Every structure is written in C-alpha cells, then in structure tokens.
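Q: I would like a close look at one part of this protein. Please take me through it step by step.

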Amino acid sequence: MSLKRSLVCLLLLSGLTFAQHPAPHKKTARAAPVTRPKADPVTAIHQSALIIDTHADTPQRFLDENFDLDQNTPVTEGHIDLDKIKQGNLGAEFFSIWVEPEFKGHYSQRAMDLIDSVYQQAARHHDRMTMAFSADDIARAHDQHKFAALMGIEGGHAIENDMRLLRDFYRMGVRYMTLTWSNTNDWADSSGDIQDPNVKHHNGMTDFGKDVVREMNRLGMIVDISHVSDATFYQALLVSQSPVIASHSSSRELTNQPRNMTDDMLRAMTNNGGVVMVNFYSAFIDENYRRVSSDPEKIKQRDAEVAAYKKAHPHPDGSPVTYDETAAIEKKWAAQFPRPPLKSLIDHIDHVAKIAGIDHVGLGSDFDGVTSLPEGIDSVADLPKITQALYQRGYTREQILKILGGNFMRVMREVEATAKRLQAERKESDALSFEDIELMVGNRVSPAQLIDRIRQHGVNFELTPEQRTRLKNEKVDDSVLDAIVKVRKK
Ligand SMILES: [Zn+2]
C-alpha cells in the first residue's frame with residue numbers, strides 16, 4: 001500500500017480533513033487532547049456499505065489497450081482503476097464481457113480473451129482484489145478489504161447458439177448474461193434493432209432462447225434483461241424460475257429510450273423478485289440530453305468520423321477495429337452536449353425505487369462503456385456523491401445500503417438457491433432432458449446407444465419442431481427422433 005493511499009484511507013476512515021487537523025505545536029508544548037469529530041452520517045453510511053456495481057466495460061481496456069488497474073487514469077480516459085475504486089469504496093464490480101457483433105465467427109474466442117483479461121488483473125493485484133463467483137465470495141472479499149471482480153457476458157450471441165458453450169462460460173466464472181446486446185441474435189430479440197425491418201425477429205424468444213433461460217436458472221447464472229426487447233423481457237420473466245436482473249437499465253417513463261424500462265416492466269420486476277440496476281449514461285437518464293444527442297444529422301456526422309477512422313487504421317490481421325480505438329472520437333462528439341445534472345440520475349434511482357420498490361433497485365453504472373456521465377460523476381471515485389444525494393432526499397441508512405448492494409446480494413443468493421434446487425431435482429429424475437440428448441450427440445454416442453438410453457430412462461420433454469430441426473442439423477438419425485417421440489407417448 002502506497003503512502004498516499006494510506007493517507008487517503010486514514011482520512012476516509014477518521015472523517016478528518018486536513019483543515020480539521022490541529023495546528024502543529026511546539027516540541028515543548030504538551031499535546032492538546034485531539035478531539036475527533038464524529039464522521040458525518042453520509043460518510044459513515046457510504047464507508048460501511050458493501051457497494052456493488054453490475055456493469056463496467058473495463059475488460060476492453062485491459063485487452064485492447066493493455067490497461068492495468070493499477071494505473072491512475074485521467075477521467076477522460078477511464079472511469080475505473082484501483083485508486084478510484086478505493087476512493088469510491090466500491091466492493092464488487094461485474095466486469096462486462098461484451099462481444100462486439102463485428103467479431104462474427106469469433107464470438108466465443110473474443111469472450112474468452114476478455115474473461116482472461118479480468119483473471120490477469122486479479123492475479124497481478126491479488127493483494128487488493130480477488131475473483132468472486134458467488135454472493136459468499138463477495139461478502140468474504142469485503143471482509144478481507146479486497147475488491148471483488150465478477151464477470152457478466154453482454155450479448156447472448158457470445159454462446160454461438162450452443163448450450164455447451166453457455167455451460168463452459170459458467171465454468172469459467174461468468175455469473176450473468178444479458179440475453180442480447182443491441183443486436184437481435186438467433187434466439188432473442190433486442191430493443192436495439194426491434195424497429196429495423198431488415199432484421200429477422202422472433203416475437204421475443206425462440207424455443208432455444210427459452211431453453212437458454214432454463215439452463216441459466218439450473219446453472220445459477222443470473223438472467224440479465226438489459227438491452228432486450230419488451231417481448232423478450234416478458235417472456236424471460238415467464239420462463240425464469242429465478243429472479244432476473246437488469247444489470248444496467250434506467251426508466252423509460254423519465255427518459256424515453258427503448259432500452260429503458262417502462263413502469264409496467266418495473267412492476268413486473270417486483271413480482272419476479274429481481275432488481276433493476278440503474279444505468280448512469282447521460283442519454284439514458286436525461287430526456288433533454290437524449291433529445292439533443294439523438295439529432296440524426298449529428299449522429300450521421302459522428303458515424304462518418306468513426307467509419308473514416310476505421311478505414312484509415314485497419315488491423316493487419318483483419319480483426320475488427322474495436323470500440324476502444326474510436327472511443328476518443330465518440331467522447332469528443334458527446335462533449336458538445338452539456339452534461340445533465342446529478343439530479344437526473346438520482347431521479348431515476350428514486351423512480352425505480354418508487355415503482356418497483358426499494359428492494360428492487362441498485363447501481364449499474366456502465367462505466368468505461370459510455371461517453372457521457374452526469375455532472376459530478378466523473379468516475380467510480382464519485383460514488384459517495386450518490387449516497388449523499390440519496391441521503392439528502394430522505395432515504396434512510398437501511399434503504400441506501402439496499403440500493404448500494406444489499407438488493408443485488410439478495411437476488412444473487414436467490415439465484416444460487418434456485419440453481420441448487422433445480423440441480424437436485426434433475427438428479428432425482430432419471431429422465432433425459434433435451435440438453436442431455438444434445439450432449440450425447442455432441443459426444444458422438446452412436447444412434448443404437450442413444451436409443452437404448454432413451455428407452456431406459458425416458459425423456460422429460462416434448463420434441464418441438466425447432467428441437468427436431470436442431471437434431472437434424474446435427475445429423476441425428478431419424479430412428480433416434482422416433483424413439484424420443486415413442487417413449488414420450490408411453
Ligand atoms: Zn450495455
């Protein structure tokens with residue numbers, strides 16, 4: 001721990017400021033009794049909280065910029081580093097494994113490279129941070145005064161329509177997945193392109209998409225509905241046996257963005273028992289900012305500038321130019337619009353707390369993934385200002401602790417408990433699931449053996465036309481399909 005950091009810690013802990021230090025006295029004078037002013041209530045609440053943020057895009061910086069969390073970053077370049085984490089008293093961060101659709105053909109590879117970059121940071125800074133995979137892990141890291149790093153996949157296309165990859169990502173430590181990013185994938189619609197007639201939509205989710213939700217429930221991977229279309233949202237809630245989260249979404253009632261959540265959706269989240277983690281991005285929390293920054297002419301001009309950059313700086317290996325490389329252009333562009341006041345962000349937290357309930361709201365900053373933040377919030381170091389604003393609005397200590405992380409911890413524990421129950425149920429029943437059959441097919445079990453097992457154990461599903469097509473695509477013999485239908489009829 002550096003001297004500077006120790007000093008900052010000491011000051012934060014004692015609530016003292018330099019101005020409050022007694023003037024230095026002469027050597028001979030007897031030391032006057034130092035009266036420690038009591039820490040102000042806001043500092044006391046903030047410093048005692050387990051603070052969890054569920055969305056930051058820093059892994060791209062680790063991977064594409066070779067950024068190290070130990071580097072103290074100017075806020076114009078990055079929102080998160082270890083010093084700022086300490087200043088903001090952030091306890092846990094879900095680092096986003098965001099797979100840009102440009103990586104077509106290499107989605108899972110890109111995801112794995114980003115995952116590796118998070119582990120590398122944890123390994124390098126093991127004295128100050130640790131990987132975490134459960135609510136207990138987060139709590140333990142907090143007790144040890146270590147920053148907990150977790151991971152969530154952003155964009156269901158990362159699993160390449162393969163349930164086995166979903167399970168592999170869980171094994172690698174991924175603990176949530178947004179069913180879509182801004183792009184509709186082969187099994188779930190996104191809010192990002194729902195108006196685009198050129199995109200093939202599914203009216204929400206396909207059967208496979210619903211199976212993905214079920215498998216996530218069984219694994220204990222949190223279903224994240226940020227970015228999805230309204231139809232996908234409601235279907236996910238119908239299918240999911242666990243509470244879901246919106247890892248970084250704000251209110252559509254206050255800011256008319258299709259990616260934000262309507263009041264009806266917020267109420268559905270209450271019934272589901274989930275939690276809405278409010279996004280800090282200026283265009284999602286301030287109607288005025290959203291309106292001026294969505295001027296089509298200005299957007300066209302930005303997109304042209306980004307496209308020109310990409311054309312002028314192609315990668316020799318043909319891999320896509322990443323968001324990080326053009327972020328400076330986007331930030332400069334965004335800076336032409338005045339930042340909204342902090343009040344706009346607090347209004348969103350307040351609104352979600354009122355409509356969904358105080359037990360269903362949290363923080364999902366989108367740090368390192370957005371080009372504009374409200375005034376006063378330059379980085380993760382400014383989190384105490386949110387506590388202060390909530391306190392000034394009359395939120396109690398208990399309520400603030402829920403918003404800062406308590407609500408998310410509850411949901412994570414519930415997701416873990418449901419997974420345990422579902423796994424136990426699966427063991428009790430011998431019947432094969434569709435995933436079991438797919439796994440055997442993937443493992444090249446012969447048709448004769450497959451039919452044997454199907455007859456012996458039975459199956460726990462009706463073969464849908466879509467599942468039939470999937471097995472056909474895997475060149476599964478018709479006799480196997482017949483066997484499934486027959487045992488099911490028995
Ligand atoms: Zn996002």
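Is phenylalanine 280 buried or exposed, and what is its relative accessible area?

A: Phenylalanine 280 is buried, because its relative accessible area is 0% and the cut-off for buried is under 20%. Keep in mind that this is a predicted model.

Now look at its partner. Phenylalanine 280 and phenylalanine 367 form an aromatic pair. Two things describe such a pair: the distance of the ring centres and the angle of the planes.

Where do the two rings sit in the chain? Phenylalanine 280 lies in the loop between strand 8 (275-278) and helix 11 (282-285). Phenylalanine 367 lies in the loop between strand 9 (361-363) and helix 16 (383-392). The pair therefore ties together parts that are 87 residues apart in sequence. Phenylalanine 367 is buried too, with a relative accessible area of 0%.

Next, a second ring pair. The rings of tryptophan 333 and phenylalanine 337 have their centres 5.1 Å apart. Their planes stand at 80°, so this pair is edge-to-face. Tryptophan 333 and phenylalanine 337 are both buried. Tryptophan 333 has another contact: the charged end of arginine 302 sits over its ring, 4.6 Å from the centre. The charged end of arginine 175 sits over the tyrosine 170 ring, 3.7 Å from its centre.

How many aromatic pairs does the count give? It comes to 15. Ring pairs also link Phe62, Phe67, Phe95 and Phe147 into a cluster.

Now turn to the metal. The zinc ion is coordinated by Glu154 (OE), His227 (NE2) and His248 (NE2), at 1.9 to 2.2 Å. Along the chain, these donors follow the spacing E-x72-H-x20-H. Glutamate 154 is in strand 4 (residues 147-154). Histidine 248 is in the loop between strand 7 (245-246) and helix 10 (263-272). The two are 94 residues apart, and the pair links distant parts of the chain. Glutamate 154 counts as buried because its relative accessibility is 2%. Histidine 248 counts as buried as well, at 0%.

Finish with a contrast. Aspartate 430 is exposed, with a relative accessible area of 56%. Aspartate 430 lies in the loop between helix 17 (397-428) and helix 18 (434-442).

Technical notes: Residues are numbered from 1 along each chain as its sequence is written. This is a predicted model: local features need pLDDT of at least 70, side-chain atom pairs count only at pLDDT 80 or more; totals for chains, interfaces and linings use all residues. Side-chain values use heavy atoms; hydrogens and water are left out. Helices (H or I, at least four residues) and strands (E, at least two) are DSSP runs, numbered from the N terminus. Buried means under 20% relative accessible area, exposed over 50%, partly exposed in between (1.4 Å probe, protein chains only). Donors are N, O and S atoms within 2.8 Å of the metal (3.2 Å for Na, K and Ca); water is not among the atoms, so sites may look incomplete. Rings of Phe, Tyr and Trp (its six-membered ring) pair if their centres lie within 6.5 Å; planes under 30 degrees apart count as stacked, over 60 as edge-to-face and the rest as tilted. A charge sits over a ring if NZ of Lys or CZ of Arg is within 6 Å of the ring centre and within 35 degrees of the ring normal.
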